[in-house]
Number of protein chains: 2
Amino acid sequence: MGCLRASRVFSMGFSVTHRTMSAAAPKLVAVAESRRFMIDCFKAVKVPQAHAEAQADLLVAADHRGHFSHGMNRLEMYINDLAINSTDGAAVPKILKETPATAWVDGLNGLGAVVGNYCMDLAIKKAKTVGVGWVCAKGSNHYGMAGWYAIRAMDQGLVGMSMTNTSPLMAPTRAKEAALGTNPLSLGANATNGDKFLLDMATTAVAVGKIEIQRRKGAPLPDGWAQDPSGGVTNDAELGFSTGCLMPLGGSELTSGYKGYGLGAMVDILSGVMSGANYSTQVRKWTHAGADSAADLGQVFIAVDPNCFAPNFEERMSDFNSRLRGATPTDPSKPVLLAGDKEKNGMADVDAAGGIQYLENQLKTCDKLAEILKIEPLSFV
Amino acid sequence: MGCLRASRVFSMGFSVTHRTMSAAAPKLVAVAESRRFMIDCFKAVKVPQAHAEAQADLLVAADHRGHFSHGMNRLEMYINDLAINSTDGAAVPKILKETPATAWVDGLNGLGAVVGNYCMDLAIKKAKTVGVGWVCAKGSNHYGMAGWYAIRAMDQGLVGMSMTNTSPLMAPTRAKEAALGTNPLSLGANATNGDKFLLDMATTAVAVGKIEIQRRKGAPLPDGWAQDPSGGVTNDAELGFSTGCLMPLGGSELTSGYKGYGLGAMVDILSGVMSGANYSTQVRKWTHAGADSAADLGQVFIAVDPNCFAPNFEERMSDFNSRLRGATPTDPSKPVLLAGDKEKNGMADVDAAGGIQYLENQLKTCDKLAEILKIEPLSFV
């Protein structure tokens, strides 16, 4: 493990892996190959096959959709956490308390995808029996994109929701220090013919990755993204990044940032406080280097059977989606999108290209991981 | 009913009743007297006593908290709707379908508070039995402040949530026409010693009332509040008001307004689409004059028993609240608030003053209503 510990410093900070940032000739990685590589990485740090597959499926799905910040970009952080045992890759979640519609689960410090899939499957089972399943987990880890768990419920014909708390990074309105995470929430609902609505959003105005991109470009930050150390809005990307105080969705108090702050708190109540996990400023900081303590994140997984209400839900969803996508656009060259459309387009692009185009620095990280973990390096299409 | 129809024009548009707008000497109305007056108004248009009380309790609670836009300000709209039978004041909601955790309810075009209280009480009963109650209503009307129903669950020691769709007023990101309402959501959770967290927010950046206040002041609108007819952001309050296209929470696409748009859509899916009510652009326009068709709004009411998860929820909520309120303020004279604190302070102010201070134009509306409905006028403290 010595060499792994040493590896913890080789890409500190937030690496950016968005395709549009790449200047090099395209080197594409097939979806299956990206998955294979990540499974091998996890297995090399003693994660059992099934858990390695669950975690890799989650990460590669994010890259496939163009959510690079939640894909392979996180691999090193997970591997470091596993290598220093601050995450238990073999842990199997355990039910602590149960009613027909609810369950309280201890993730026992297992991998986020393992805990999340377990909990959502339980919520699905309950929704199929009594209409709703509401499962709270404590003792969890970073669980990737929140929409993944909504999709799991949608695959069973249900409406799915999930929320998680995260490391402190959002300053409450009027505060100059972070007291909540980016605390994302997701909701997914099927329409007919494979169409869907899939909302997956942080409750901060933007993710840290967007600040980082402006910083690398030397471009200013728009108002409402980030604060400076005195609590004022900053347009300085360097200062915004180093301060680490994102603004809630809505930005400043004048533009109703207190609503985004309220939403972030709501997510923490339903995930962290209700489950008995860490919450607010109790949650540890987390970097690419991994952390030395267990995260004990809280998460909630909700599945609802739409057939318990008005019949023909999916038909109405199709009409609903059409009404929104069909709203007259301000700029005819920019169609009105529905939550999830961008990701669907991202998947189509990857499928058409035949693979995922990672950034150079991501590929370097992979080379290093392959060397340290003694696994087969990533191959290209 | 002829005189009532005539009355439908006497205060068109959005009346503003916030106390700080008043220039006249304070004329205070006791909370009990405001309630009495509204009950009398409802009874004068044939609303049964119990329903009149339910609706008045809801409205006076909003005024008591300083949510004037959702209090007596709405009375005339309700009365007009009742007078022309576009709302059925005597209707009693009916369960259409039920499971241990869910119910689908037809509000049968009844008063919002009657439908809402019925549904939340049903959700509470189910939460006490199986941990969660999830009740969707179609055939409902404007149900006042969303937080009212969360409070009803909190009064039973539960976590409460509610959402409703409303008349189209929000332009989806990239669109130049409204396709969603202000679609509010609420979540309430008790802490110890009567402390609480109570989020109650529209998913638009601001309510129409805030645009109206800037317009009356002749003041510009901040970026991110409203659009002009071409779909651009406008700072012209007059133009913003006449266009009737509010921006979602987050404002423009650059500042992640698509998240607020996604949240508004989420609320409509869970309330309108799932219940089989009107949704999106199906929902009628609604003015102070009342509307000639049934609203058929959709709403959802969720109660969750926190005891199904980690013990001592309320103790942790107290600690959670302290962490947020205790975050170092940017400006020491402006303390960091928690969702619901402003309303709690509003109640304390009214209690200390001995009554509610309505705006002059609200009092004029009340005089007119008293005359037309032949009821005892509002008296002052």
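A residue is called buried when its relative accessible area is under 20%, exposed when over 50%, and partly exposed in between, with a 1.4 Å probe and protein chains only. By this criterion the buried residues of helix 4 of chain A are Leu75(A), Glu76(A), Met77(A), Tyr78(A), Ile79(A), Asn80(A), Asp81(A), Leu82(A) and Ala83(A). The model is predicted, so local features need pLDDT of at least 70 and side-chain atom pairs count only at pLDDT 80 or more, whereas totals for chains, interfaces and linings use all residues. Residues are numbered from 1 along each chain as its sequence is written, chains are lettered from A and ligands numbered from 1 in the order in which they are written, and side-chain values use heavy atoms, leaving out hydrogens and water.

- Thr255(B) is placed in the loop between helix 8 (237-243) and helix 9 (257-275) of chain B. Helices (H or I, at least four residues) and strands (E, at least two) are DSSP runs, numbered from the N terminus.
- Thr255(B) counts as buried because its relative accessibility is 18%.
- Leaving aside residues up to four places away in sequence, Thr255(B) touches Asp223(A), Trp225(A), Leu249(A) and Gly250(B); contact means heavy atoms within 4.5 Å.

- Two packed helices are described by the angle between their axes and the distance between the axes.
- The axes of helix 3 (residues 49-65) and helix 6 (residues 147-154) of chain A come within 11 Å and cross at roughly 100 degrees. Axes are lines fitted to C-alpha atoms, for helices over the stretch in contact, and angles run from 0 to 180 degrees between N-to-C directions.
- Helix 3 and helix 6 of chain A are therefore roughly perpendicular to each other; the classes are roughly parallel under 35 degrees, roughly antiparallel over 145, roughly perpendicular from 65 to 115, and oblique for the rest.
- From helix 3 of chain A, Asp57(A), Leu58(A), Ala61(A) and Arg65(A) meet Trp148(A), Tyr149(A) and Ile151(A) of helix 6 of chain A.
- This contact of helix 3 with helix 6 of chain A comprises five nonpolar, no polar and two charged residues. Ala, Val, Leu, Ile, Met, Phe, Trp, Tyr, Cys and Pro count as nonpolar, Asp, Glu, Lys and Arg as charged, and the others, Gly among them, as polar.
- Helix 4 (residues 75-83) of chain A is mostly covered, with nine of its nine residues buried.

**Strand 5 of chain A**

- Six of the six residues of strand 5 (residues 159-164) of chain A are buried.
- Both faces of strand 5 of chain A are covered, with Val159(A), Met161(A) and Met163(A) on one side and Gly160(A), Ser162(A) and Thr164(A) on the other.
- Strand 5 pairs with strand 10 (residues 297-304) of chain A in the antiparallel sense over six bridges, and Val159(A) stands opposite Val304(A). Two strands pair if DSSP finds at least two bridges between them.
- Strand 5 and strand 6 (residues 185-190) of chain A run antiparallel and are joined by four bridges; Met163(A) has Leu185(A) as its bridge partner.

**The sheet of chain B**

- In chain B, seven strands form an open sheet in the order 2-3-4-10-5-6-7, with mixed pairing.
- Its edge strands, each pairing on one side only, are strand 2 (94-98) and strand 7 (196-201) of chain B.
- On average, neighbouring strands of this sheet are turned by 15 degrees against each other, direction ignored.
- Strand 2 and strand 3 (residues 102-106) of chain B run antiparallel, joined by four bridges; Glu98(B) has Ala103(B) as its bridge partner.

**Positive phi angles**

- Asn85(A), which follows helix 4 of chain A, has a positive phi near 60 degrees.
- Asn85(B), likewise with a positive phi near 60 degrees, lies in the loop between helix 4 (75-83) and strand 2 of chain B. Asn85(B) is exposed, with a relative accessible area of 64%.
- Asn312(A), not a glycine, has a positive phi of about 65 degrees and is found in the loop between strand 10 and helix 10 (313-325) of chain A.
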